[in-house]
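Below is a short tour of one protein model. Keep the sequence and the 3D view open while reading.

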Amino acid sequence: MSAAEDAQAGTGAAPGRSCPLHYRYRPEHFTIEAPAHLQGLDVLYVVGGLYGNALALERVLALFERETGRKRLVFNGDFHWFDIDPDHFARVQRQVLMHEALRGNVETELAAPDADGDAGCGCAYPDWVGEGVVDRSNRILKRLRQAATLEQRAALAALPMWQRADVGPLRLGLVHGDATSLAGWGFAQEHLRDASHRETVAQWLDRAGVDAFACTHTCLPVFQALRAEGAKEPRWVLNNGATGMPNFAGDRAGLLTRVAVTPYPGPERRFGIVTGSGTVHVDAIGVEFDPAAWLEHFRRDWPAGSDAHTSYAERITRGPTYERRQAVRHTEGEPLP
Ligand SMILES: [Fe+2]
């Protein structure tokens, strides 16, 4: 890993800031063929950052049920987080593991044998995330570990960190963080504003031999175009933000990334792009769970004053200060009007 990659991965000593060596992989790993069950897909759902939201999970499964053709659903990590009730935790895990799943930093740290390991929550938070958020996340992870059985933790440990899939002609790398680390922030909308960083990401895509990476982890959505030397079309970073939390000011829906050979027919579509010479439709689909019911559920486990309530209640109630028009960036990182 280069010094630049180290910086993006958030290497450091403090729990919640560090990126452990076992989180890392190389862009070249993605040059392999997709496994047979993830080749030739008509529809792929990439569901990242469910965060233990059982109502969002129900909605995702209902949307997926409506899809036709050769279809797969991939949970690309952090499907646990707020689900500290053991029954709730078990239900989320059982339903997720009926589909394809990758482990995120939450599942990786849940699976770790040492409860006091130096990764904390494993988020590898960058500098713009405040110390209070990091400390609370480390404590949430410790609390969540009490909900998981040894058997459940072993099942999480067995999950892969990344995957390959093909939808129509589109070669995809599926990750939780970025092209070099499970908890990397290289696909964060904040970093992707920087032209020199976009050049680094374009080089990751060169080395990986994929047309796009579908990712999550950084909590805000962005579909970012990247240069493709000599090609007619750009390549893409496809970050869904969060499925289990709001992603835009005034819009309390979660988001999933749908990659398909047919356009999405429903009103849930928030934004999207077309690629693959017009044959592949990539859309951020709103996961519209009942926000009042979810808030009530959340507050039962995380009342006012608790760590998760302090960190997330505002976002769950109002959404982040981020707009839909900021999420799709065609060539040079500029938002569409
Ligand atoms: Fe994450």
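## Terms and model

Buried means under 20% relative accessible area, exposed means over 50%, and partly exposed lies in between, using a 1.4 Å probe and protein chains only. Helices (H or I, at least four residues) and strands (E, at least two) are DSSP runs, numbered from the N terminus.

This is a predicted model, in which local features need pLDDT of at least 70, side-chain atom pairs count only at pLDDT 80 or more, and totals for chains, interfaces and linings use all residues. Residues are numbered from 1 along each chain as its sequence is written, and side-chain values use heavy atoms, with hydrogens and water left out.

## Helix α9

Helix α9 spans residues 307-318. Its buried residues are Asp307, Ala308, His309, Tyr312, Ala313, Arg315 and Ile316. The elements covering them include α5 (131-145) and α8 (291-301). Contact here means heavy atoms within 4.5 Å. Just after α9 comes Gly319, with a positive phi of about 85 degrees.

## The iron site

Four protein residues donate to the iron ion: Asp78 (OD), Asn105 (OD1), His176 (NE2) and His217 (ND1). They lie 2.1 to 2.2 Å from the ion. Donors are N, O and S atoms within 2.8 Å of the metal (3.2 Å for Na, K and Ca); water is not among the atoms, so sites may look incomplete. The angles at the iron ion run from 88 to 162 degrees, so the arrangement of the 4 donor atoms is irregular. For reference, four donors count as tetrahedral if all angles lie between 85 and 135 degrees; four count as square planar and six as octahedral if opposite donors are over 155 degrees apart and all others between 65 and 115; anything else is irregular.

The sequence spacing of the donor residues is D-x26-N-x70-H-x40-H. His176 sits in the loop between β5 (170-175) and α7 (195-208), and His217 in the loop between β6 (212-215) and β7 (221-226), so the two histidines tie together parts 41 residues apart in sequence. His176 is buried at 0% relative accessible area. His217 is buried too, at 4%.

Asp78 lies in the loop between β2 (71-76) and α3. Asp78 is buried, at 3% relative accessible area. Its phi is positive, about 55 degrees, although Asp78 is not a glycine. Tyr51 also has a positive phi, near 55 degrees, and is not a glycine. Tyr51 belongs to the loop between β1 (43-47) and α2 (54-66). Tyr51 is buried, at 5% relative accessibility.

## Helix α3

Which residues of helix α3 are buried? They are His88, Phe89, Val92, Gln93 and Val96, in a helix that spans residues 86-96. Seen down the axis of α3, they fall within an arc of 130 degrees, so they line one face. The arc is that of the directions from the helix axis to the C-beta atoms. An α-helix has 3.6 residues a turn, so residues three or four places apart point the same way.

The face turned away from the buried side of α3 carries exposed Asp87 and Arg94. Asp85 caps the N-terminal end of α3. One of its side-chain oxygens lies 3.1 Å from the backbone nitrogen of Asp87. A polar contact is a pair of N or O atoms within 3.5 Å; within protein, one must be able to donate a hydrogen and the other to accept it, and residues adjacent in sequence count only if both atoms are side-chain atoms.

## The mixed sheet

An open sheet of 6 strands runs in the order β4-β5-β6-β8-β7-β12, with mixed pairing. Its edge strands are β4 and β12 (328-329), each pairing on one side only. Two strands pair if DSSP finds at least two bridges between them.

Strand β4 (residues 162-167) runs antiparallel to β5, joined by 6 bridges. Ala165 has Leu172 of β5 as its bridge partner. The two strands form a hairpin with 2 residues between them, and Gly168 in the turn has a positive phi of about 55 degrees. In β5, 5 of 6 residues are buried.

β5 pairs with β6 in the parallel sense over 3 bridges. There, Leu172 is the bridge partner of Ala212 in β6. β7 and β12 are also parallel, joined by 2 bridges. Phe223 pairs with Val328 of β12.
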